[in-house]
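Subject: Handover of a two-chain structure

Dear colleague,

Please find the structure below, passed to you for your own reading. A summary of what was found in it comes after.

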Amino acid sequence: MRQDKRQENETRTTDETRKDREPGLGRRQFFRALGGGTAAAAAAVASVPLTPTEAKAYDPGTAETRSRYRETDHVKAFYRTNGYETLKK
Amino acid sequence: MARMKFLCDADRCIECNACVTACKNEHEVPWGINRRRVVTLNDGKPGERSVSMACMHCTDAPCAAVCPVNCFYTTADAVVLHSKDLCIGCGYCFYACPFGAPQYPRVGNFGSRGKMDKCTYCSGGPEVDLSVAEYEKYGSNRLAEGKLPLCAEMCSTKSLLAGDGEMIAQIYKERVIKRGYGSGAWGWKTAYRETIAI
């Protein structure tokens, strides 16, 4: 009895899946179509001449890289207080 | 043109970590990131030395050489800065840096890293000077204010020097001429007698 039921279930599922596949594009047809598409795309790419583009390094601009250091009174005081006797003129 | 440099006088550093604290406070550096650290050699032994370490702003910076997105640039003051807008947090610069300067905030679980963070020599980043955006990403821009890095200005024993490379080299030379260096420095023989020499 159980075996008969199993067989019934299996035949049902295979029939259902077949029905699902029939109207749409099958797996094999899908890959065939995809293969044809990629070959066409590859041919199109090959026909365009390859022009290498140079990689561009980050250029922050002159405003960002300009000098910000100034020998202000504050900085001079730092040098004076860090120096030994000779800088305490 | 002045070249900005750091110089730590190891004969004077007492490992107080004031430079580390000053840096973290000035730039509001998040937890888990230290732009500056104090490294101690021969800890607890005679001849112990401490050195305050951060980005040394290399002339030919290895971090910039390995960066896959070229986010590093060197200013006219010879300060190595980077753009956090470009950084992808890959970690290459950390492996390239001989000083372990680049740091990465942990932004999520599973060890994901955020944008790299490092010492900016208190000179901000590519954003407009002293802007809010610059402060949020890189911290304060003391150089644009006519000041020097706070770590050096804060140093209690005047061990950490910052500023024009030629100027601080001159200051250090004068110190060495006056007091000596290493085992020849003033006070060494009082502390360690004559048995230890470096």
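The notes that follow take up each chain and then the contact between the chains.

This is a predicted model, in which local features need pLDDT of at least 70 and side-chain atom pairs count only at pLDDT 80 or more, while totals for chains, interfaces and linings use all residues. Residues are numbered from 1 along each chain as its sequence is written, and chains are lettered from A, with ligands numbered from 1, in the order in which they are written.

Chain B

Chain B has seven helices and six strands; helices (H or I, at least four residues) and strands (E, at least two) are DSSP runs, numbered from the N terminus. Their order along the sequence is β-α-β-β-α-β-β-α-α-α-β-α-α.

Of the 198 residues in chain B, 37% are buried. A residue is buried if 20 or more other C-beta atoms lie within 10 Å of its own, exposed if 12 or fewer, and partly exposed in between, with C-beta atoms placed from the backbone. Two residues are in contact if their C-beta atoms, placed from the backbone, lie within 7 Å.

Chain A and its contact with chain B

Chain A holds four helices and zero strands, and 7% of its 89 residues count as buried. The contact between the chains takes 20 residues from chain A and 27 residues from chain B. On the side of chain A that touches chain B, H4(A) gives the largest share, five residues.

The buried residues of H4(A) are A:Val75, A:Phe78 and A:Asn82. Seen down the helix axis, these residues fall within an arc of 55°, so they line one face of H4(A); the arc is that of the directions from the helix axis to the C-beta atoms. Their cover includes helix H5 (150-154), strand S6 (160-164) and helix H6 (165-179) of chain B. The face of H4(A) turned away from the buried side carries exposed residues, among them A:Asp73, A:Lys76 and A:Arg80.

With kind regards
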